[in-house]
Amino acid sequence: MTDTTAKTPDEFAPTDAAEEDYSAASEVSQVKLRRTRRERAWLSLRKAPISAWIGMVLIAIYAIVAIFAPLLAPYGEAEVFAQPYAPWSAEHVFGTDQIGRDIFSRLIYGARNTIGIALATTLLAFAIGGGLALTAAVLRGWTDQILSRLVDVLMAIPSLIFALMLLSIFGSSVPSLICIIAVLDSTRVFRLTRAVAMNVVVMEFVEAARLRGEGLAWIMRREILPNIMPPLVAEFGLRFCFVFLTVAALSFLGLGIQPPTADWGSMVRDNASLIQFAQYDLKAALTPLLPAAAIAILTIAVNFVVDWFLHKTSGLKDEH
Amino acid sequence: MANDDLLLRMRGVEIDGWSDERWHDIIKGVDLSLKHGEVLGLIGESGAGKSTLGLAAMGYARPGTRIKGGEIVFDGQDLRKLSERQKQRLRGSRIAYVAQSAAAAFNPAHTLLDQTTEVAVRRGQLGRKEAEAYARELYAAMDLPNPDRIGDRFPHQVSGGQLQRAMTAMAMASKPDLIIFDEPTTALDVTTQVNVLAAMRKAIEQFGTAAIYITHDLAVVAQMADRIKVLRYGEEVEEADTHTMLTAPKETYTRSLWAVRSLEKPGETSDDKILQIRNVTAAYGKVPVLKNVSIAVPRGKTVALVGESGSGKSTTARVVTGLLPPSRGEVLFDGEPLPPTLAGRSREQLRRIQMIYQMADTAMNPRQTVGEIIGRPVAFYHGASRSEVRARVAELLDLIELDESFSDRFPGELSGGQKQRICIARALAPNPDLIICDEVTSALDQIVQEGILKLLLRLQKELGVSYIFITHDIATVQAIADEVVVMYQGSVVEQGRKEEIFSPPHPDYTELLLSSVPKMEPGWLSQAIAERRQLTP
């Protein structure tokens, strides 16, 4: 596993007698241990702090729930039962909502919808923001000026209000929801990507690629992108949380995901009135908090993982 | 009795470093002793443990290293037995440290004077007024211009050489018994280096301070040190007084270090020019950098561009490569005029001129393997298939004396010399006619430098490629150049065959440059300073 670099010096020793002491291939006296990607990944996983582990396990649970929702949910997403606002019972674990749908089932389907939309939105935001930022960083000059000022303009408008306005223009279908939030969020991605890419663009290997005559796409994808991945991945985690919260907030305001599609944000809104029954039935009052808790726990879990990743890649090392 | 005179005694010092999940030896039991007022030179290649040993003399171990064994006795106290607080009190006041990069060691937000006096004042050794007066005295001793006022400036308002001198003054401000100089002039131009060295030596002598001088430049250490210790792989090779060490080194390794500077080749020239730069004037924005520069490069030969930083050497390279279009003048390549901008040049024109950079670290994408780095130009210019690329990569690696197995490695897994070799291979990959080498050896150790220079010479002989070799190191010019172009402030001072340039009579600037190159004789510095006084009124 570690034998790949050990070379006998005389294998390449120059014939020049004065140089008997020197050979380029054996220059490093202590050869670094070489590890495959999988070994390195496993090594850093093993050293991950407990918080990161909790985060990863929680994310895995959410993912499983989202993927296998139809198998896990006891009832259908939009299945209506006779009794609205039913209390917690054996049949309806968390009771039913205002028109008699099983809340537990809707929580499970909600994972699928809410997470799916948030993920798609974040990916789109990174594609738009990251792509434009790399173009701006490589070309600089006017392209950079125009794109950056455009982003400044977009950032100057309060994003929630802007999103509400755009949604009422284009209608709150799932595709328009994804596009609008993605475009608004891509401004933040643009800022970060441009800043980190600027540090790489000035490196000599980028100049070497330019001198070679490489095109824009190659320089962006092969020379710069691999070198700025760590901060982008960390940002991806954070952005995902924010998109998630935005989707939930828009749903709560009634402009997000439309019924009967289950979604955690609108579930909080629909059942919010139950909170006032706390003095009569504590369990019923807890019901609107369940989707809220689902949102909160996923956000925390993602942040745990992102924090660890950031710490690992920012070069902060514990002293021995 | 003799022990009373000893300031520092290190015995059997062992230091470990942590990497790859285990401890490695860095220093393997080194002894060192230093008398009051004495200067000891520590030399060796990078990785020999010079800096680690120097820091250990302050009882300090860098993060990730630990002092495992031995004793470090400074003025009767064993530093290893003192608490961290006690050691901190010694550092800065009785032992001071001068780092390689003064620019990085100064805080840009405070004036020089504030930083010079900080330690002495905060430790309560001197009052602010006295400390400032003493600092001015030190600035004067360091030959800084206008010593009364220079302290009010911020670090970015003075030159690199002045900053390095100010840093020495800062180290001396608390009247230490021992100063550790860690490669203090490596980052400076030769012409500046001489002044800094002279000022440092004068100040050390004047105040009777002992010093440990760490460097990889033998000629420099010969000027500064009373005694020299050679380190290699964390072990002592030999130690002797400077004169003995220079004239009669015992060990083969030491002799090989000495031999590097004697590499030399006769200059040849030819009338067949591959590249002609004609009356080129270029500017960054409104700042003129090149003024009416004309340079010709003979085919299959090497032209060295020499001069201090800011003289326009690298800008000339940028004009040739098309990164900086000239405002006037033209560049002829193989008789044809080259389009001034990169975008205007054809792929074939780009292929024929390649470039090698000073810092191999930043010149290679750290996320690509050696195979990808070298293979890309082959695929890009020649449209070679995957197996052809692989064969060519193996061939190129063989050409630069490395093994085929290197192609899966990442740049981070290579040593400095190996990285530079890979950069050479990348430049060779498209079979260019001209390679521009921008300070390609100045970041390397001397033995490694020699290897790279020999490689470049061999490649030229085998492939007939021409070089433009940018450097400020005269020894390197001796080793590789056929023709020399001396540049100063954006103009060509002198141009011609190496032997002609290096033999008198010289224009003033060439004379200054040549006289600034440290020679391996103990008395050289005083002599050079005496001569320079006449040259630069």
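**View 1. Domain 1 and domain 2 of chain B.** Chain B splits into domain 1 (38–64 + 83–262) and domain 2 (273–503); these bounds come from an automatic or database domain assignment. The model is predicted: local features need pLDDT of at least 70, side-chain atom pairs count only at pLDDT 80 or more, and totals for chains, interfaces and linings use all residues. Residues are numbered from 1 along each chain as its sequence is written, while chains are lettered from A and ligands numbered from 1 in the order in which they are written. The C-alpha centres of domain 1 and domain 2 of chain B are 34 Å apart.

**View 2. The contact between the two domains of chain B.** Domain 1 of chain B contributes 10 residues and domain 2 of chain B nine residues. Two residues are in contact if their C-beta atoms, placed from the backbone, lie within 7 Å. On the domain 1 side, helix 7 (190–207) and helix 10 (252–259) of chain B each supply at least two residues. Helices (H or I, at least four residues) and strands (E, at least two) are DSSP runs, numbered from the N terminus. The domain 1 side of chain B holds three nonpolar, four polar and three charged residues. Ala, Val, Leu, Ile, Met, Phe, Trp, Tyr, Cys and Pro count as nonpolar, Asp, Glu, Lys and Arg as charged, and the others, Gly among them, as polar.

**View 3. The annotated span 275–514 of chain B.** UniProt (unreviewed entry) places the feature "domain: ABC transporter" at residues 8–258 and 275–514 of chain B. Residues 275–514 of chain B are 40% helix and 26% strand, with end C-alpha atoms 27 Å apart.

**View 4. Helix 5 against helix 7 in chain A.** Helix 5 (residues 141–156) and helix 7 (residues 174–201) of chain A pack at about 130°, with axes 9 Å apart. Axes are lines fitted to C-alpha atoms, for helices over the stretch in contact, and angles run from 0 to 180 degrees between N-to-C directions. Helix 5 and helix 7 of chain A are therefore oblique to each other (under 35 degrees is roughly parallel, over 145 roughly antiparallel, 65 to 115 roughly perpendicular, the rest oblique). A:V151, A:L154 and A:M155 of helix 5 meet A:L184, A:T187, A:F190 and A:R191 of helix 7. Five of these residues are nonpolar, one is polar and one is charged.

**View 5. Helix 4 against helix 5 in chain A.** The axes of helix 4 (residues 103–139) and helix 5 of chain A come within 7 Å and cross at roughly 145°. The contact comprises four nonpolar, four polar and one charged residue.

Note on methods
UniProt positions renumbered as here; feature names shortened; annotations may be inferred.
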